[in-house]
Structure formats: structure tokens, C-alpha cells
Amino acid sequence: MLNLAMTTEPVLLDEEVEELCRVRNTVNTAVRNLATIIRQRQYHDVKDTELWEVVKT
């Protein structure tokens, strides 16, 4: 373990790697969903201002 602490390479804990994989999967799912909506031209007006605030951040 001491050797890992002494390297200049970034080291991730197992929990961090698992969390990154979950985030990657979530992002991939969202992008696939958006691509499907765009491909199928399923556009809808969104009048929910709270949603727009979330999207902006």
C-alpha cells in the first residue's frame, strides 16, 4: 500500500471506481435517450421552469 502512496499516478479506491462506472452508465443512458428522442423527432414544449433551472446547472 505504501508503494501506491508514493507514485505520481492517480490511484482510485474500489468504491470510487464503482461510483465512476455507475455515473458513466447513467450518462450513457441519458445520452441514448436523448438521441432516440432526436431521431424520432419526439419534441415537446417544456413549460416547467423548475426543470429548466435543473437543466441549466
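Valine 46 is partly exposed in this predicted model, with a relative accessible area of 36%. The residue lies in the loop between helix 2 (14-39) and helix 3 (49-56). Because the relative accessible area of valine 46 is 36%, the residue passes the cut-off of over 30% that patch members must meet. Val46 contributes to a nonpolar surface patch of about 440 Å², together with Leu51, Trp52, Val54 and Val55.

The fold is helical. The protein has three helices and zero strands, and along the sequence the pattern reads α-α-α. Of the 57 residues, 0% are buried; to count as buried, a residue would need a relative accessible area under 20%.

Helix 2 spans residues 14-39. Glutamate 16 is placed in this helix and is partly exposed, at a relative accessible area of 36%. On the surface, Glu16 gathers with Asp14, Glu15 and Glu18 in a patch of negative charge.

Glutamate 19 takes part in a salt bridge with arginine 22. The closest N and O atoms of the two residues are 2.8 Å apart, which is inside the 4 Å limit for a salt bridge. The count for the protein is one salt bridge. Both partners sit in helix 2, three residues apart, so about one helical turn separates arginine 22 from glutamate 19. Arginine 22 is partly exposed at 48% relative accessibility, and glutamate 19 is partly exposed at 39%.

Threonine 36 also belongs to helix 2. Its relative accessible area is 28%, so threonine 36 counts as partly exposed. The side chain of threonine 36 reaches the backbone oxygen of arginine 32 at 2.9 Å, a distance within the 3.5 Å limit for a polar contact.

The table lists the relative accessible areas of the residues discussed above.

| Residue | Relative accessible area | Class |
|---|---|---|
| Glutamate 16 | 36% | partly exposed |
| Glutamate 19 | 39% | partly exposed |
| Arginine 22 | 48% | partly exposed |
| Threonine 36 | 28% | partly exposed |
| Valine 46 | 36% | partly exposed |

The class follows from the limits, because partly exposed covers the range between under 20% for buried and over 50% for exposed.

Note on methods. Residues numbered from 1 in each chain as written. Predicted model: local features only at pLDDT ≥ 70, side-chain atom pairs only at ≥ 80, totals over all residues. Heavy atoms only, no water. Patch = residues over 30% accessible without salt bridge, like charges linked within 9 Å, V, L, I, M, F, W, Y side chains within 5 Å. Areas by Shrake-Rupley, 256 points an atom, 1.4 Å probe, with all protein chains shown as cover. Salt bridge = Lys/Arg side-chain N within 4 Å of Asp/Glu carboxyl O. Helix = DSSP H or I, 4+ residues; strand = E, 2+ residues; numbered from the N terminus. Buried < 20%, exposed > 50% of the residue type's maximum accessible area, 1.4 Å probe, protein only. Lys, Arg positive; Asp, Glu negative; His and termini not counted. Charge placed at Lys NZ, Arg CZ, Asp CG, Glu CD. Polar contact = N/O pair within 3.5 Å; in protein donor to acceptor, adjacent residues only side chain to side chain.
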